[in-house]
Amino acid sequence: MRLPQNRGFGGALKTGLKGADKPHVFYTDSDLQFDLEEIAGLLEAIDEAPVVIGYRVDRQDHRMRKVNAWAWGRLQWALFGLDVRDIDCGFKLFRREVLQSMPMHSDGAFISTEILLRARAAGHRIREVPVHHYPRKAGAPTGANLRVIGKAFRELWELRRELRSR
Ligand SMILES: Nc1nc2c(ncn2[C@@H]2O[C@H](COP(=O)(O)OP(=O)(O)O)[C@@H](O)[C@H]2O)c(=O)[nH]1
Ligand SMILES: [Mg+2]
């Protein structure tokens, strides 16, 4: 799938997830920090839970990223009671119906949190599987850019407003 213009991480991700047409849908980052062979571990768990997400056992990113991720996770726990180890792990497997039946609004990095919150709100079980994570060998990370973080907070408040008005 090709978008006519860059719509950001969330825009790209939801286009791919919504367009997928096989029973199981997997996504990962393209920066090669994961080992694709470890899909096997996710597949083993997909019959028990329709959402199987990796968590990085020894995340190979700068300390500041890990601190940010920890704080973000605590915030989602405090706001929504979302209790998973690694919300933004770019290594996740879904049964397609889970993705097809939920709206996805975020164009930014918040999409990962949004999908988990909506899956949980729909009553789907979430299983967590440990995965390895490797140092970035090329390219530059974008996950800690202030623009990315600012947008994630805006999209977070939008979803919070939506969920509270139900
Ligand atoms: N198609 C698309 N993919 C993106 C975009 N932004 C991020 N990604 C994907 O998301 C992954 C994670 O982003 P990255 O900057 O590598 O994150 P980090 O390693 O956590 O800093 C990338 O490897 C890309 O695969 C985007 O604007 N469009
Ligand atoms: Mg990465």
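Ile 53 sits across from Lys 92 in β3. Strands here are DSSP runs of E with at least two residues, helices are runs of H or I with at least four, and both are numbered from the N terminus. β2 and β3 run antiparallel and are joined by 3 bridges; two strands count as paired if DSSP finds at least two bridges between them.

Some housekeeping: this is a predicted model, where local features need pLDDT of at least 70 and side-chain atom pairs count only at pLDDT 80 or more, while totals for chains, interfaces and linings use all residues. Residues are numbered from 1 along each chain as its sequence is written, chains are lettered from A and ligands numbered from 1 in the order in which they are written, and side-chain values use heavy atoms, with hydrogens and water left out.

Back to β3, residues 91–95, which also pairs with β1, antiparallel, over 5 bridges. There, Phe 26 faces Leu 93, and His 24 has Arg 95 as its bridge partner. Is β3 buried or exposed? Well, 4 of its 5 residues are buried, so the rest of the structure largely encloses it. Buried means under 20% relative accessible area, exposed over 50%, partly exposed in between, with a 1.4 Å probe and protein chains only.

Zooming out, the sheet is open, with 4 strands in the order β1-β3-β2-β4 and mixed pairing. β1 and β4 (126–131) are at the edges with a single partner strand each, so one side of each has no neighbour in the sheet.

Next, the packing. The largest nonpolar core has 26 residues, and Leu 17, Val 51 and Phe 110 are among those with the most contacts inside it. By nonpolar core I mean buried Ala, Val, Leu, Ile, Met, Phe, Trp, Tyr and Cys residues joined through side-chain atoms within 4.5 Å. The largest share of this core, 5 residues, comes from α5. A second, separate core of 10 residues includes Phe 34, Ala 45, Ile 46 and Leu 93, that last one being the residue opposite Phe 26.

Last stop, the metal. Which residues hold the magnesium ion, ligand 2? The protein donors are Asp 31 (OD) and Gln 33 (OE1), 2.1 to 2.2 Å away. Donors are N, O and S atoms within 2.8 Å of the metal (3.2 Å for Na, K and Ca), and water is not among the atoms, so sites may look incomplete. Gln 33 is buried, at 3% relative accessibility. Leu 32, however, is exposed at 71%. Leu 32 lies in the loop between β1 and α2 (39–45), and its phi is positive, near 60°, in a residue other than glycine.
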